[in-house]
Amino acid sequence: MRIRQFKTVYQLSFMPHIFPINCYFIEEKEDLTLVDTGLAFCCKPILKAASAIGKPIRRIALTHPHAEHTGALDGLKAHIPDATTYISERDSHLMRGDFSLKPGEAQLPIRGRFQKNLKTCADRLLSDADFVGSLKTMLVPGHTPGSMAFYDSRSKTLIAGDALQTRGGVAVSGDTRIFFPFPAAATWNKALAIDSAKKLYALDIQYLATGHGNVIENPSAFIEKAILRAETNL
C-alpha cells in the first residue's frame, strides 16, 4: 500500500503500479472519514494507516457499491462497529443485491462486479448536497445509477469515485482508455456519466482523486479535455 497526503486528504493506493485501487482518509479535527474500502485484503492496512495517523475512523462513505469499493467493508465494521456507513439512496438497492431499474431510468444493464454476501447495510442514505463530516456530497449517476462524489472545500479536493479515472489518462466513466479499460466496462450509462462529469467540472478543484489512478493537481484542463473526448466517442 502507498500513502500520499494532500492537505486534509490521504490517498491509500493498493497495487498502484498494477491495478490501482484507491481509498481515502479525510482528516477532521478529532477523527477520520474513510471513502471506499477497497478489496477484502485492504482491511488491515486501512486500520494500520488510521492508527499511524492517530485518529479513529468514525464514518465510511461509499462512492458506489462495486466490489473493489466495498470489499473490506464487512471486515472494517467488525473492527469498528460504531463507524457510520453512508451510500446514496439509489445505490443502497444495488448494495442489497437489487439490480432492478427504477421508473424513468435508462433501461441499460447494470454492469460491474458486486460484493457477494455483503452483510453490512448503510446506516445513512445520501442525496445531493448532503454532508459527511466536511465532505459535501454530489450525486453523479452514470457509472452506477446512484454514484456519489465527495468534495472537501477546505483543500478543494474532489473524490470522484469512478465518475472519472486518472489511470491510463484522465477519462469520463464509460470512455474506454486502452491501458485501463475496466471502469468503462463497468459503466451503466455513458451519456449520463458525461452530464455528471460536467457537473464536477464546474467545481473549483485543486486535487482530483479517483478510484483508480494517481491524484492530479489542477485538473480542470484535463477534465475538460476528457469530457470533449467522451462526447466525441459517445
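Tutor: This is a predicted model. The axes of helix α6 (residues 190-201) and helix α7 (residues 220-233) come within 10 Å and cross at roughly 160°.

Student: What does that make α6 relative to α7, roughly parallel or roughly antiparallel?
Tutor: Roughly antiparallel, because the crossing angle is over 145 degrees.

Student: And is the crossing left-handed or right-handed?
Tutor: The crossing of α6 past α7 is left-handed.

Student: Which residues in α6 and α7 meet?
Tutor: From α6, I194, A197, K198 and Y201 take part; their counterparts in α7 are S220, I223, E224, I227, A230 and E231. By class, the residues of this contact comprise six nonpolar, one polar and three charged.

Student: Now the sheet. What is the order of its strands?
Tutor: The sheet is open, has seven strands and mixed pairing, and is ordered β1-β2-β3-β4-β5-β6-β7.

Student: Which strands stand at the edges?
Tutor: β1 (2-6) and β7 (124-126) do. Each has a single partner strand, so one side of each lacks a neighbour in the sheet. From one strand to the next, the twist averages 25°.

Student: In what sense do β3 and β4 pair?
Tutor: Strand β3 (residues 21-27) pairs with strand β4 (residues 32-35) in the antiparallel sense, over four bridges. E27 has L32 in β4 as its bridge partner.

Student: Last one: which strands does helix α1 lie across?
Tutor: Helix α1 (residues 43-53) lies across β1, β2 (9-14), β3, β4 and β5 (57-61), and runs at about 30° to β3.

Key:
Residues numbered from 1 in each chain as written. Predicted model: local features only at pLDDT ≥ 70, side-chain atom pairs only at ≥ 80, totals over all residues. Heavy atoms only, no water. Axes fitted to C-alpha atoms, helices over the stretch in contact; angles between N-to-C directions. Helix = DSSP H or I, 4+ residues; strand = E, 2+ residues; numbered from the N terminus. Parallel < 35°, antiparallel > 145°, perpendicular 65-115°, else oblique. Left-handed = near helix turned anticlockwise from the far one by under 90°. Contact = heavy atoms within 4.5 Å. Nonpolar A, V, L, I, M, F, W, Y, C, P; charged D, E, K, R; others polar. Pairing = 2+ DSSP bridges.
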